[in-house]
Amino acid sequence: MNSDLARHNVEISLEGVSMVFGKKGKQVVVLQDITFDVKQHEFVSLIGPAGCGKSTLLRLMADLLQPTKGHITIQKEHPREVHLRRKFGIVLENPTLFEWRTVRENMELPLELIGHSRALYKERMDHLLDTVGLMKFSDYYPWQLSSGMRIRVAIARALSLDPPVLFMDEPFSALDEFTKEKLQLELLEIKKKTNKTIVFVAHRISEAVFLSDRIIVISAHPGRVHSQHHIDLGVSRTPQTRESELFHDLTKAIRNCLPEGSDAL
Ligand SMILES: Nc1ncnc2c1ncn2[C@@H]1O[C@H](COP(=O)(O)OP(=O)(O)OP(=O)(O)O)[C@@H](O)[C@H]1O
């Protein structure tokens with residue numbers, strides 16, 4: 001691919017991004033000189049030792065924080081502009097659902113916030129409910145759902161305005177191993193159906209390898225891009241993919257990049 005074409009495909013771009021927390025005299029440089037691109041429709045995971053700044057990096061991209069230095073663009077625009085036009089969705093760890101609203105009503109919340117008629121979007125909501133496998137549960141309340149189903153509602157809510165980009169911060173970390181693996185497979189299905197660009201803060205190396213097209217390893221103190229790894233496991237990943245030699249080799253290669261004792265195992 002020539003460089004013009006490669007640039008044309010860029011969805012998110014970070015250039016020389018640094019983040020310093022604290023006031024003068026007691027400043028902590030959390031991220032330093034971070035530069036990378038995320039291509040349209042790519043699934044990119046961030047991984048690194050605890051406290052290296054992965055969530056901070058995601059929050060900078062999602063306009064929840066402003067960088068001390070450097071530039072971030074999404075589709076060549078400032079994240080603020082993109083945020084205002086609701087062109088990305090976010091799913092955080094332990095997402096909050098409104099317990100007095102049904103699954104469908106929780107998903108409709110972003111539409112209501114910008115004054116869209118719910119009736120007009122019924123078809124889209126039906127389609128989304130189908131995409132996340134919750135059609136039969138649309139009238140359930142959050143307290144009637146399993147933890148995995150609650151996360152599926154949060155993903156559907158983040159996609160309700162059909163944004164091209166989805167940011168996810170360790171969305172599965174609180175789930176048991178069985179539910180986590182099921183949700184990872186479902187997320188790949190959702191990705192296939194919706195073709196979103198996804199930036200995902202991963203809890204485990206194996207999770208990042210299973211889900212991603214590319215993994216960016218962040219080193220700590222300060223957080224910098226340590227290395228990037230293309231994950232050539234193809235588009236049709238199944239539970240058997242986790243048993244393959246390539247999967248084990250990729251996981252091992254990334255583990256070897258992380259300092260000993262990192263909790264991202
Ligand atoms: N608003 C803030 N003010 C001051 N320091 C902060 C703030 N947000 C994050 N930090 C600090 O920045 C560092 C990076 O935090 P961050 O949550 O981004 O790391 P992380 O890699 O996502 O960690 P984990 O893997 O444990 O979730 C930590 O030392 C944290 O204490």
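In this predicted model, Pro222 lies in the loop that links strand 8 (214-219) to strand 9 (224-230). The peptide bond between His221 and Pro222 is cis, with omega at about -5°.

His41, in the loop between strand 2 (28-39) and strand 3 (43-47), has a phi near 70°, a positive value in a residue other than glycine. His41 counts as partly exposed because it has 15 C-beta neighbours inside 10 Å. Asn195 is likewise not a glycine, and its phi is positive at about 60°. Asn195 is exposed, since 11 other C-beta atoms lie within 10 Å.

Helix 7 spans residues 177-194, 18 residues in total. From its first C-alpha to its last, helix 7 reaches 25 Å, close to the 26 Å expected at 1.5 Å a residue.

The buried residues of helix 7 are Leu183, Leu187 and Ile190. They lie on the same side of helix 7 because they cover an arc of only 65° around the axis. An α-helix has 3.6 residues a turn, so residues three or four places apart point the same way. The cover over these buried residues includes helix 5 (122-131), helix 6 (147-158) and helix 8 (205-211). On the face of helix 7 turned away from its buried side are the exposed residues Glu177, Phe178, Glu189 and Lys192.

Terms used. Residues are numbered from 1 along each chain as its sequence is written. This is a predicted model: local features need pLDDT of at least 70, side-chain atom pairs count only at pLDDT 80 or more; totals for chains, interfaces and linings use all residues. Helices (H or I, at least four residues) and strands (E, at least two) are DSSP runs, numbered from the N terminus. The expected span of a helix is 1.5 Å times one less than its number of residues. A residue is buried if 20 or more other C-beta atoms lie within 10 Å of its own, exposed if 12 or fewer, and partly exposed in between; C-beta atoms are placed from the backbone. The arc is that of the directions from the helix axis to the C-beta atoms. Two residues are in contact if their C-beta atoms, placed from the backbone, lie within 7 Å.
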